[in-house]
Structure formats: C-alpha cells, structure tokens
Amino acid sequence: MARLVAGQPPEHLSVTRGPTTGAKGTAESAQGVLDLIERASRRLGEAPTRILLADLHPVETGLRALAADSEEDLGGVGIARPVSATPSGVGAAAGQLIDLAELVEDPLPVPVIPIVGLIDFDAAAAALNAARAAGWQIVAIIVAGDDGVLIGNRVDATLPIVDEVADTDELPRGAWAAVEVAPLGAAVVQLADPLRLAVLLSLDPTRARGARNAARALLGHRAGIAVRREASGGATEQEQPRLATLSDGSTRAIDITTTPPGVGEVVAIEGIDADLIDAFWAPLPEAIDDAALSLRLRQRRAVGLAVLARRSDRALEQALADSFAGDVVVVAAETAAAVAGASTTPGAGHAPIVIDMGGGTVDLHVQLDDRDVAIATAGAGLLVDRICGAILGIDPLRAEQAKRHPSVHVETPFILRHEDGSRTFLTSPAAPQSVAHLCITERQDGSLDALESDLAPEVWARLRRAAKRTIIAGNLRRAITAAGGLPRGELAVLVGGCAEDAEIVSEVSLALADLDLAIARGDVLGQHGPRAAVAVGLVLLHAETL
Amino acid sequence: MSAPAVVLASTNAELIRLVAAAFEEEAVPLQVLSEPISARAAAVRSPLGIGLGVDGAELVVALSTGTTGAYFQGPVGDARLLGRAAARLAARRPLGDFGT
C-alpha cells in the first residue's frame with residue numbers, strides 16, 4: 001500500500017503478503033488479491049482507491065509419475081516390496097501360493113508358500129506345524145500382520161518369512177511365487193538377479209528377459225515377493241510420457257531422460273490447450289552416491305512440469321473491477337516492475353541485472369546502455385515444491401516448508417541428528433511420533449513435523465539442494481543463454497520469494513561463478529528483504545506517470 | 001551389570017503375553033517385574049531407561065529421564081501395539097501406530 005500524490009515521491013505505507021487463490025492472471029486469483037487488500041486496509045484504517053497490476057502471464061506447475069509406487073506388473077512378473085523391518089529367516093525359495101486354511105487338505109506334491117491372514121500368531125504357528133507334520137513342503141511364508149519373527153520362532157526360524165504384507169487378499173492363490181529375505185543390513189540377491197528370478201519362477205526363456213525390470217525393481221530391498229502372472233505373457237504397457245512440440249516442428253518426450261529445450265522453443269504440449277511462452281521440466285534428482293536410492297527415484301518416472309502461457313483474456317482485471325470500488329490499472333510488465341523495485345535496495349543504485357525468482361517463473365532482466373532484455377522462464381519455487389514433495393511423499397504445501405527449513409533425524413527422544421551430522425540434545429523429549437523419523441524443523445509452535453520418508457537428513461539435504469540447483473539455477477542458465485549472455489563483473493540483484501532461501505542463493509551463486517557476477521540479495525525499500533519488488537516497483541512506475 | 005532390557009511391571013498374564021510378543025517380534029529384550037510399581041519406576045529400573053506399567057485401564061510407557069509423566073499411553077486392550085511402540089522406541093525404529 002502506498003499513498004500517491006502527483007509531483008511527490010510515493011509514501012510507502014505497508015507490505016502485506018497472503019496465499020494465492022489461483023494461477024497468476026486468472027479470475028480465481030482475484031479473491032486472494034481482494035483478501036489481501038482487505039487485510040492491509042484493516043491494518044491501515046484506510047481503503048485504497050486504485051489497484052496497480054503487472055501484466056501477468058499464468059504459470060501452471062504440476063508433477064506426473066508414470067510408474068506406480070508399490071506394486072508393478074513387469075514383464076509378466078508381479079512384485080511386492082514389504083516394508084517390514086522385521087522379516088524372519090534368511091534365503092530365497094519358490095512355491096505355490098496357498099491359503100493357510102487349505103493346509104488341512106491332503107498335501108500338494110509341490111513346495112508351497114502359505115499366506116497367513118490377520119490371525120493370532122500362536123494359532124497360525126500351530127496350523128503351520130501341523131501341516132508340516134502332515135507332509136506339506138512349506139518353503140516360505142507370507143504374513144499379513146507384524147508376526148513374522150513370532151511365527152518363525154514357533155515354526156522354523158530359518159524359513160524366509162515376510163510380514164506386514166499389504167493386500168495379501170490380492171495375491172493370486174495357486175500362482176507360482178518366490179520369496180526372499182536378506183540377512184540383516186543386506187538386500188535381496190536372488191530376486192534382484194533376472195536369470196535367477198526367472199529360474200525361481202520357472203519362466204520360459206522367451207519371458208526370462210522380461211523379468212529384468214522386476215528384478216531391478218527389487219534391488220536394494222531387504223525382502224521381496226515375486227509372483228508369476230500367468231495371464232500377462234509379456235511386458236505390460238506403461239503410461240507414455242507427454243510429447244512437447246518444438247518450434248522447428250520436432251517433438252520431444254517430457255520424461256526423466258530428456259532435457260527441456262531453450263526458452264520459448266516449446267510451442268505446444270500434448271493435452272495442454274494454451275499459447276505457450278515457455279515450458280520446463282525436471283525429473284527427481286539423482287542421489288549421486290547412492291545407486292539404490294537413485295534407482296528408486298528413477299523407477300517412479302516422475303517429472304515436474306511448469307508451463308508459462310500467454311493470456312488471451314483479462315480475467316483477473318475483470319474480476320477485480322467487478323468487486324473493487326476503485327480503479328484497476330495495469331502498469332507494466334512484471335520484469336520492469338521487478339527492476340524498479342529491486343533498485344530500491346540500499347547501495348544497489350540502478351541495478352543493471354535483476355533476477356526475479358518467484359513461485360512460477362525465473363525472470364531475468366538485463367538493462368545496459370546498448371540493450372534492454374527481459375526473459376521469463378517457466379518453473380521456479382512451486383516446481384521445487386513439487387519435486388521435493390515427490391521425493392518425500394508429501395503434498396506441495398508441506399513440501400514448501402520442507403524446502404525452506406532444515407531437517408533433523410530424531411535418533412532418540414532426546415537426541416537430534418542434523419544435516420551436517422552434528423547432534424544436539426533436547427531437555428524435554430520429542431513427541432513419540434517423531435522418533436526415528438526425518439522431521440522438518442521450524443514449525444511455529446516449535447514441534448517437529450515427522451515425515452514418513454526413510455531418508456537420512458544429509459541425503460535429503462543433498463536431494464533438496466539438487467532440486468533447487470536443477471530448477472532455479474538451471475532455469476536461470478536457460479534465461480541467460482536466451483538473453484545472449486551477461487556482462488562480466490556486473491551487479492546482479494536477486495529478488496522474489498526464492499531469494500529468501502539461502503540455499504537457493506548459494507546454488508545460484510555457485511552455478512553462475514564462471515560469469516564473475518556480483519550477486520546480491522535485494523532488500524526492497526531497505527526493509528522488506530528480496531520480496532515485494534514487483535509491488536513496490538509498480539508503485540514507483542505508476543507514480544512517474546501522475 | 002544388568003543386561004539391557006525394557007522393564008514391564010505387571011501381573012496381568014494376558015497383558016504380559018501380548019507385550020512380550022511385541023518385544024519378541026522386534027527382537028528387543030524385555031524384563032517382567034511382578035511388582036505394583038509405576039511405569040516411571042519401571043523405567044528407572046530399566047538399563048535402557050524405558051518402562052511400562054499399568055495405571056487403571058491404561059498401559060503407560062515412561063522414560064527414566066526428562067519427563068515424570070507418561071511418554072505415551074493407551075488402553076490395556078492395545079497392549080500389543082503399545083508394546084511394539086515401546087520396543088521400537090528402544091530399537092530406535094519408527095514407532096508406528098499405537099493409538100492415542
């Protein structure tokens with residue numbers, strides 16, 4: 001909010017922030033604008049008479065995973081990866097799946113793998129022991145509840161037994177299956193070897209090679225189940241990635257193995273009906289020193305996509321005009337406003353390079369003697385949220401917190417391990433739900449937000465930084481290339497919400513080190529940090545016209 | 001020196017069976033005391049600093065330090081789940097669902 005009087009410098013009254021209610025420039029976003037104005041007016045005791053807007057373009061950010069997380073049908077082999085921390089026994093075995101209740105019949109002439117539902121472990125053990133005595137060849141056991149060790153101790157502690165298997169009802173009775181439990185601290189070997197898996201499942205040679213994806217999917221897991229799918233007979237059809245059409249007429253799949261082209265080169269994307277300005281995509285990051293984790297992330301085939309579209313309407317302006325008593329004025333392009341706002345940073349003077357890293361876009365504005373270039377690229381903070389959310393298995397709002405704040409692992413109720421490996425002690429115990437969990441710190445009430453992810457804090461920190469590097473710094477590189485490069489030794493001022501994140505500033509500085517720029521964080525009006533550059537810039541630019 | 005174990009104070013045979021099963025499944029040692037002491041007192045007697053005791057209709061899990069009250073608790077009927085959470089606490093594994 002600012003008071004404007006013709007011929008006088010603007011009087012800046014307040015800066016207020018609030019959540020958006022829709023994509024930039026859409027009618028849905030108007031409510032968020034009006035809510036914010038009402039809040040600011042209440043605080044100020046005065047209502048504004050004019051709304052100043054930048055010429056906005058909507059950005060849509062999403063994430064699409066092309067593979068299922070838990071159960072896959074790969075090359076005619078169904079697999080399950082039980083999450084149990086306490087399987088029983090060690091080794092691999094193959095046999096016919098059978099219900100525990102059927103073991104009262106005459107024994108089958110083949111090895112069997114009984115499926116134990118949610119019944120008391122003593123009763124289950126008694127039934128299994130009776131079946132063994134009657135001649136059933138029990139080579140492994142699948143248990144629905146958390147009773148693997150209990151049953152193993154009462155039947156045979158050497159038998160591979162996997163427990164906490166979700167949806168045991170869906171395992172096809174009568175099908176041939178293999179079960180493996182690795183020693184403590186190790187991962188399955190036989191099920192992760194396609195040839196051995198094919199032998200265990202008695203797959204014929206034409207289908208043996210199809211087992212490679214199933215074997216790969218079990219790599220790194222302590223226990224696994226593989227089931228021969230009789231009806232499948234070959235590789236199942238996987239969801240195909242979307243195709244992007246480039247300006248030269250060629251197409252490029254939006255997938256984890258492809259890179260986005262330069263700024264503005266994507267002219268259309270399958271399933272998106274919009275006049276595109278730019279499109280950018282990024283996969284989940286690589287875990288550089290952990291091949292098993294990298295594979296786990298790759299197997300989800302998750303790609304975050306951001307699309308910047310040209311507006312064909314004035315929906316926001318119209319929606320605001322319908323609800324607001326005063327004027328609604330579109331002042332300037334967003335990048336021009338960001339430059340004006342960034343220039344209020346003490347010591348910056350007229351900043352020749354302004355980098356606005358917001359929620360939807362990374363905008364580069366270069367204003368030198370002989371040229372004035374503005375480049376907007378799709379994909380910024382919200383895309384980082386999507387990627388972080390996919391890594392941690394949480395929604396984008398929670399991921400936004402996880403992105404901004406350091407994490408800890410609660411080792412015991414009193415000991416926290418931090419991302420740098422250091423430990424601190426608590427004087428009162430952490431909540432039970434947080435013990436042995438990766439947790440986000442910095443909640444307003446001081447509590448820890450426990451995540452289900454099994455990542456160590458140092459691993460998560462590397463993945464988080466990699467996501468920021470790929471998306472923010474990577475997109476900035478695209479913008480710089482599109483701008484034809486930047487002059488060495490110049491001042492570049494970073495503004496926008498992402499510039500509040502010290503990790504992003506650090507990643508950008510490292511990524512642009514070869515350009516020898518003086519990279520500084522904006523401090524709009526000397527008191528608002530890097531945020532509000534566009535809003536303040538709009539006020540300054542509009543004041544010049546009065 | 002005492003062997004490392006979590007201490008359960010109870011004389012209820014079914015409750016002891018369920019809690020012991022949870023500890024066996026998690027491969028965490030459990031010592032049972034047939035004494036009418038609180039979970040906190042049991043925790044003080046535990047070399048691992050974790051104790052379980054019954055308070056009315058509740059099974060209480062307590063720590064020997066840092067807090068004098070229950071660390072968590074729930075109905076005696078949830079003894080298996082509460083026992084599993086206590087065992088996992090000792091083993092530094094995520095506690096999972098254990099009711100209230």
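Here are some questions and answers on the two chains of this predicted model.

This is a predicted model, where local features need pLDDT of at least 70, side-chain atom pairs count only at pLDDT 80 or more, and totals for chains, interfaces and linings use all residues. Residues are numbered from 1 along each chain as its sequence is written, chains are lettered from A and ligands numbered from 1 in the order in which they are written, and side-chain values use heavy atoms, with hydrogens and water left out.

Q: In β27(A), what is the bridge partner of V354(A)?
A: Look at β19 (353–357) and β27 (491–495) of chain A, which pair in the parallel sense over 4 bridges. Within β27(A), the partner of V354(A) is V493(A).

Q: What does the side chain of T344(A) reach at 2.6 Å?
A: T344(A) sits in the loop between α9 and β19 of chain A. Leaving aside neighbours within four places in sequence, its contacts include D523(A), V536(A) and L540(A). At 2.6 Å, its side chain reaches the backbone oxygen of G341(A).

Q: Which residue stands opposite A279(A) in β17(A)?
A: There's also an open sheet of 3 strands with antiparallel pairing, in the order β4-β17-β16 (chain A). Its edge strands are β4 (59–65) and β16 (275–283) of chain A, and β16(A) pairs with β17 (302–310) of chain A over 8 bridges. Opposite A279(A) is V307(A).

Q: Which residue in the hairpin of β3(B) and β4(B) takes a positive phi?
A: Over in chain B, 6 bridges join β3 (50–55) to β4 (58–63), and the two run antiparallel. D55(B) stands opposite E58(B). The hairpin has 2 residues between the strands, and the positive phi, near 65°, belongs to G56(B).

Q: About how much area do chain B and chain A bury between them?
A: Contact involves 20 residues of chain B and 28 residues of chain A. Buried area is the accessible area (1.4 Å probe) that two parts lose on being put together, summed over both. Carbon and sulfur atoms carry 54% of a total of about 1,800 Å².

Q: Which residues of chain B lose the most area to chain A?
A: Three residues together make up 33% of what the chain B side buries. They are E24(B), E25(B) and Y71(B).

Q: How many salt bridges does the rule find across the interface of chain B and chain A?
A: A salt bridge is a side-chain nitrogen of Lys or Arg within 4 Å of a carboxyl oxygen of Asp or Glu. One such pair is E164(A) with R88(B) (3.7 Å, N to O). Across the interface of chain B and chain A, the count is 7.

Q: Which helix gives the most to the side of chain B that touches chain A?
A: Both α1 (13–26) and α3 (79–91) of chain B supply at least two residues of that side. With 5 residues, the one that gives the most is α1(B).

Q: Why does the salt bridge of D501(A) and K468(A) tie together parts that are apart in sequence?
A: The two side chains meet at 2.8 Å, N to O. D501(A) lies in the loop between β27 and α13 (502–511) of chain A, while K468(A) lies in helix α12 (457–483) of chain A, so the parts that the pair ties together are 33 residues apart in sequence.

How values were computed:
Two strands pair if DSSP finds at least two bridges between them. Contact means heavy atoms within 4.5 Å. A polar contact is a pair of N or O atoms within 3.5 Å; within protein, one must be able to donate a hydrogen and the other to accept it, and residues adjacent in sequence count only if both atoms are side-chain atoms.
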